[in-house]
Protein chains: 2
Amino acid sequence: MIKKITFIGSGNVAHNLGKVLLKNGIEIIQVYSRNIENAKKLAVQLAAAFTDDLRKLNTESDLYIIASSDNAIEKIANQLDLEGKLVVHTSGSVSIKVLTNATQNCGSFYPLQTFTKSHQADFTLIPICIEASSLESFQILKELANNLSTKVVNMTSEQRQKLHLAAVFVSNFSNYMQVIGYELCEEQQVDFNLLKPLIKEVFEKNQQHNAIDNQTGPALRGDTFTMNKHLDLLENNKELSELYQLISNMIGKSK
Amino acid sequence: MIKKITFIGSGNVAHNLGKVLLKNGIEIIQVYSRNIENAKKLAVQLAAAFTDDLRKLNTESDLYIIASSDNAIEKIANQLDLEGKLVVHTSGSVSIKVLTNATQNCGSFYPLQTFTKSHQADFTLIPICIEASSLESFQILKELANNLSTKVVNMTSEQRQKLHLAAVFVSNFSNYMQVIGYELCEEQQVDFNLLKPLIKEVFEKNQQHNAIDNQTGPALRGDTFTMNKHLDLLENNKELSELYQLISNMIGKSK
């Protein structure tokens with residue numbers, strides 16, 4: 001059972017995960033960040049020690065959580081010597097293999113949500129995707145995750161990476177479609193709020209049905225009349241015009 | 001004041017709009033469709049007469065609503081001789097100019113929502129965008145729309161067309177991002193439902209804040225490490241890979 005945890009990294013995930021673990025009776029004993037001020041800021045909130053030197057990491061933790069940016073994980077792991085200790089990362093896109101230079105006892109603890117420091121997330125409904133190098137460590141991580149969330153799932157690195165990519169489409173890219181909509185409205189001084197009931201309707205339909213069954217619009221209908229009108233409106237914006245055609249083609253073929 | 005209406009067209013918009021008008025005490029006296037069975041089906045529900053012959057259109061209506069597909073509106077208008085009568089279309093993408101062959105007294109009555117025949121929409125919160133060739137007709141349409149919706153707005157054809165294009169991005173294209181996410185999950189037998197809390201979070205943030213302020217993800221961070229991993233995962237799908245790069249580039253420049 002995990003009682004003591006060290007956080008390596010002090011960003012959005014470390015903030016949210018650290019606080020919810022503390023609330024659940026886990027002791028956070030140390031926070032590392034290469035920026036000592038960031039380490040301190042989070043450490044104060046978690047009643048933990050802090051350091052900016054990986055060589056000064058404690059050896060008493062039951063679990064070391066690398067919650068750094070994805071591209072730093074492997075570099076950090078290569079500097080760690082925690083053989084026998086359990087080390088996980090919180091990344092969607094990184095394989096657990098990169099941790100094996102730090103320890104053979106490794107895994108992933110990936111909470112699937114978008115986090116910000118200013119807003120503490122409610123973990124109860126956030127899926128936590130678990131992977132570990134051994135069944136024993138898997139059970140330990142699962143027990144920890146079950147304290148936080150009702151939705152804990154076993155996942156391979158390959159599955160987690162595809163899920164992470166899917167998340168980019170359904171959240172980041174979908175959000176960007178709203179950004180484009182906002183900018184188009186601005187061009188004609190139209191109130192973007194007029195679109196909110198429509199956006200709500202699409203969201204609610206997708207909570208109930210498969211998105212493919214909810215697909216509508218000129219591209220699905222093969223309505224070239226309307227699509228050509230839209231492309232006329234976009235003629236001064238090469239990128240947006242290209243995007244419109246690309247997505248419309250894909251929707252057209254999806255029928 | 002409008003008491004009697006004729007519908008030209010019997011699709012999703014005609015179904016939803018016809019029923020809510022009837023419910024609000026308006027008489028629907030006739031339904032036209034080039035397919036007589038479709039005309040009859042809707043007419044029965046609206047207690048109206050029906051025809052598949054534009055030459056047999058009644059002349060007693062206070063308002064003629066062309067709720068056909070966008071590319072048929074002009075063709076239909078050219079066959080009508082309703083000078084002096086008020087004729088509107090319900091299209092987001094078509095200018096009211098195309099109606100002038102039918103009558104100089106024309107306009108647009110555009111309910112901004114996605115409709116299906118099987119589900120009667122609640123019009124109360126649906127924006128209705130109004131345009132008319134004269135102030136008098138505008139007031140008449142506005143009075144009618146106010147009976148149905150709390151959100152009636154005055155809009156030029158240019159504004160309405162941009163709004164319609166924006167609607168394609170925020171609803172059709174955003175929905176398609178969910179379709180892609182679903183397919184990516186399927187490839188690795190991952191449960192798409194795991195993404196629903198994330199999708200909900202993005203939706204809720206966008207109801208409160210501008211989407212541009214909610215943009216997150218590797219493209220916004222300029223995280224080429226993660227983007228390259230994602231492109232590796234998409235290497236067998238040329239279109240999806242192209243889409244990923246195009247949207248990521250646009251997000252990268254939006255900072």
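Modeller: Let's start with strand S1 (residues 4–8) of chain A and strand S4 (residues 63–66) of chain A, which pair in the parallel sense over four bridges. Within that pairing, A:Phe7 stands opposite A:Ile65 in S4(A). Bear in mind that all of this comes from a predicted model.

Now step back to the whole sheet. It is an open one of eight strands in chain A, and you can read across it in the order S3-S2-S1-S4-S5-S6-S7-S8, with mixed pairing. At the edges you'll find strand S3 (49–51) and strand S8 (152–154) of chain A, each of which pairs on one side only.

Helix H2 (residues 36–46) of chain A lies across strand S2 (27–32) and S3 of chain A, and runs at about 170° to S3(A). Helix H4 (residues 135–148) of chain A also packs on the sheet, where it touches S1, S4, strand S5 (87–89), strand S6 (106–111), strand S7 (128–132) and S8 of chain A. The direction of H4(A) makes about 165° with that of S7(A).

Leaving out residues up to four places away in sequence, A:Asn105 touches A:Gly84, A:Lys85, A:Leu86, A:Val87, A:Ser133, A:Ser134 and A:Ser137.

Over in chain B, eight strands form an open sheet in the order S3-S2-S1-S4-S5-S6-S7-S8, again with mixed pairing. Strand S3 (49–51) and strand S8 (152–154) of chain B have a single partner strand each, so one side of each is left without a neighbour in the sheet. The twist averages 25° from one strand to the next. Here, have a look at strand S4 (residues 63–66) and strand S5 (residues 87–89) of chain B: they run parallel and are joined by three bridges. B:Ile66 has B:His89 in S5(B) as its bridge partner. Helix H2 (residues 36–46) of chain B packs on the sheet too, touching strand S2 (27–32) and S3 of chain B, and its direction makes about 170° with that of S3(B).

That leaves the place where the chains meet. Here 85 residues of chain A are in contact with 85 residues of chain B. The area buried between them is about 8,600 Å², with carbon and sulfur atoms giving 69% of that. A:Lys162, A:Phe169 and A:Leu194 supply 8% of the area that chain A buries against chain B, more than any other three residues.

As for polar links, there are 31 residue pairs in polar contact between chain A and chain B, counting pairs with both residues at pLDDT 80 or more. H5(A) gives the most to the side of chain A that touches chain B, with 27 residues. By class, that side has 43 nonpolar, 29 polar and 13 charged residues. Four salt bridges are counted between the chains. If you want a salt bridge to look at, B:Glu239 and A:Lys253 meet in one through their side chains, 2.8 Å from N to O.

Conventions: Residues numbered from 1 in each chain as written. Chains lettered and ligands numbered in written order. Predicted model: local features only at pLDDT ≥ 70, side-chain atom pairs only at ≥ 80, totals over all residues. Heavy atoms only, no water. Contact = heavy atoms within 4.5 Å. Buried area = accessible area lost by both parts, 1.4 Å probe. Polar contact = N/O pair within 3.5 Å; in protein donor to acceptor, adjacent residues only side chain to side chain. Helix = DSSP H or I, 4+ residues; strand = E, 2+ residues; numbered from the N terminus. Nonpolar A, V, L, I, M, F, W, Y, C, P; charged D, E, K, R; others polar. Pairing = 2+ DSSP bridges. Axes fitted to C-alpha atoms, helices over the stretch in contact; angles between N-to-C directions.
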